[in-house]
Amino acid sequence: MSLTHDAREAAFHGRRTDGSKVRRPLSPHLQVYKPQWTSGLSILNRIAGIGWTAGLLLLVWWLVAAAAGAAAFEKAQWFLGSFIGLLMLFGLTLAAWFHTLAGIRHLVWDAGFGFALPRAYASGMVVVIGTGVLTVLTWVIALVIW
Amino acid sequence: MNTETDSALRLQSPLGRVRGMGSARAGTHHWWMQRVTSIGLLPLTLWFALSAVSLAGASYAEALAWIGSPFNAVLLIATLLLSFHHTNAGLQVVIEDYVHVPGARIAALLAVKAVCGLLAIASVLAVLRIAV
């Protein structure tokens with residue numbers, strides 16, 4: 001057995017009915033679970049949150065460039081308007097709407113509603129469809145104004 | 001659950017159980033603040049998204065005027081502070097879940113805290129330089 005670095009691993013040893021030892025995996029043990037809508041959306045919510053962190057970096061750059069002067073601001077504006085910049089902004093819009101809607105779903109769960117499996121699947125569908133609709137709507141409005 | 005037999009089997013003292021602070025001594029504070037910031041960020045993000053969309057293709061003077069108006073500056077700073085608090089809380093949980101080597105875990109947690117704190121201060125300073 002390999003050297004363990006994690007104290008929690010001590011709790012993951014069990015015995016089979018025949019008495020032989022079994023070393024149980026740590027969460028989230030993706031290699032054990034069958035992929036499901038619910039777990040997939042949960043993981044996607046975390047990825048979307050990390051994606052939003054990248055978006056926050058763009059916002060800080062934009063604000064600091066605006067405070068620094070016209071030349072720095074033009075550079076930031078040029079990047080955001082470039083192909084890669086627009087692609088990043090589009091990905092960010094997608095991640096932001098998904099994280100927002102999935103976050104509302106979590107707040108509803110925290111309040112104690114919507115735990116029944118059919119409800120959980122239905123709210124997951126609402127999040128996915130809502131993300132698509134709101135992302136397209138955001139970009140239609142942005143392109144009309146631009 | 002039978003609490004009497006349960007407490008007899010527990011190693012935790014009754015006082016510790018009543019305080020409910022857990023081994024990290026912070027109780028549900030981290031979880032709760034993640035929810036509080038997310039509720040605050042809902043209206044702020046909608047406002048910011050609409051504003052950002054309306055600023056598409058804006059000139060430097062227009063952008064400065066928008067950031068510098070007192071109403072926008074206050075909401076922008078609120079958005080930035082809540083965003084960085086929420087980001088730090090979220091990234092902390094991700095690191096705690098996936099980084100199991102103690103040294104690397106502490107280093108990553110401290111690095112995320114430092115970067116989030118510094119970027120929050122830098123972006124707030126930028127808004128204040130334009131607005132004040």
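This briefing covers the confidence, the fold, the chain contact and some single residues of the structure above. The model is predicted. It scores ipTM 0.85 and pTM 0.83. Chain A and chain B touch, with 23 residues from chain A and 28 residues from chain B in the contact. The largest nonpolar core has 28 residues, and residues from chain A and chain B are among those with the most contacts inside it.

**Confidence**

- Chain A averages a pLDDT of 87. In that chain, 87% of the residues score at least 70.
- Within chain A, helix H3 (residues 83–110) has the highest confidence, at a mean of 95. Strand E1 (residues 13–15) of chain A has the lowest, at 75.
- Chain B averages a pLDDT of 90. There, 92% of the residues score at least 70.
- Where pLDDT is low, the predicted coordinates should not be read in detail.

**Chain A at a glance**

- Chain A holds four helices and two strands. Read from the N terminus, their order is β-β-α-α-α-α.
- Chain A has 146 residues, and 21% of them count as buried.
- Take the contacts in chain A between residues at least 6 apart in sequence. Of these, 57% join residues at least 24 apart.
- A:Phe98 is in contact with A:Leu44, A:Ala48, A:Val127 and A:Thr131, leaving aside its neighbours within four places in sequence.

**Where the chains meet**

- The contact takes 28 residues from chain B and 23 residues from chain A.
- On the chain B side, four helices each supply at least two residues: H3 (29–54), H4 (60–68), H5 (70–98) and H6 (102–131).
- H6(B) gives the most to that side, with eight residues.
- By type, the chain B side divides into 17 nonpolar, nine polar and two charged residues.

**The largest nonpolar core**

- This core has 28 residues. In chain A, A:Leu63, A:Ala66 and A:Phe98 are among those with the most contacts inside it. In chain B, B:Ala126, B:Val127 and B:Ile130 are also among them.
- Helix H1 (37–68) and H3 of chain A each give two or more residues to this core, and so do H5 and H6 of chain B.
- H1(A) provides the largest share of the core, 10 residues.

**Helix H6 of chain B**

- H6(B) has 30 residues. At 1.5 Å a residue it should span 44 Å, and its end C-alpha atoms are 43 Å apart, which agrees.
- Its buried residues are B:Cys116, B:Leu119, B:Ala120, B:Ser123, B:Ala126, B:Val127 and B:Ile130.
- What covers these buried residues includes H1 of chain A. H4 and H5 of chain B also take part in the cover.

**Helix H3 of chain B**

- H3(B) has 26 residues. At 1.5 Å a residue it should span 38 Å, and its end C-alpha atoms lie 37 Å apart, which agrees.
- H3(B) has a kink of about 35 degrees at B:Leu41. The kink lies shortly before the proline B:Pro43.
- B:Leu41 is also buried, as are B:Thr37, B:Ser38 and B:Thr45 in H3(B).
- The cover over the buried residues of H3(B) includes H3 of chain A together with H5 of chain B.

**Three residues of chain B**

- B:Val53 sits in helix H3 of chain B. It has 19 other C-beta atoms within 10 Å, so it is partly exposed; a buried residue needs 20 or more.
- Leaving aside neighbours within four places in sequence, B:Val53 is in contact with A:Thr138, A:Ile141, A:Ala142 and A:Ile145.
- B:Val53 and B:Gly40 are 13 residues apart in sequence. Their C-alpha atoms are 21 Å apart in space.
- B:Leu75 lies in helix H5 of chain B. It is partly exposed, with 16 other C-beta atoms within 10 Å.
- B:Leu75 is in contact with B:Leu44 and B:Trp47, leaving aside its neighbours within four places in sequence.
- B:Leu75 and B:Phe48 are 27 residues apart along the chain, and 8.6 Å separates their C-alpha atoms.
- B:His100 is in the loop between H5 and H6 of chain B. It has 15 C-beta neighbours inside 10 Å, so it counts as partly exposed.
- B:His100 and B:Ala58 are 42 residues apart in sequence and 46 Å apart in space, C-alpha to C-alpha.

Key: Residues numbered from 1 in each chain as written. Chains lettered and ligands numbered in written order. Predicted model: local features only at pLDDT ≥ 70, side-chain atom pairs only at ≥ 80, totals over all residues. pLDDT = per-residue confidence, 0-100. Buried ≥ 20, exposed ≤ 12 C-beta atoms within 10 Å, placed from the backbone. Contact = placed C-beta atoms within 7 Å. Nonpolar A, V, L, I, M, F, W, Y, C, P; charged D, E, K, R; others polar. Core = buried A, V, L, I, M, F, W, Y, C linked by C-beta atoms within 7 Å. Expected span 1.5 Å × (residues − 1). Bend = angle between axes of the 7 residues up to and from the residue.
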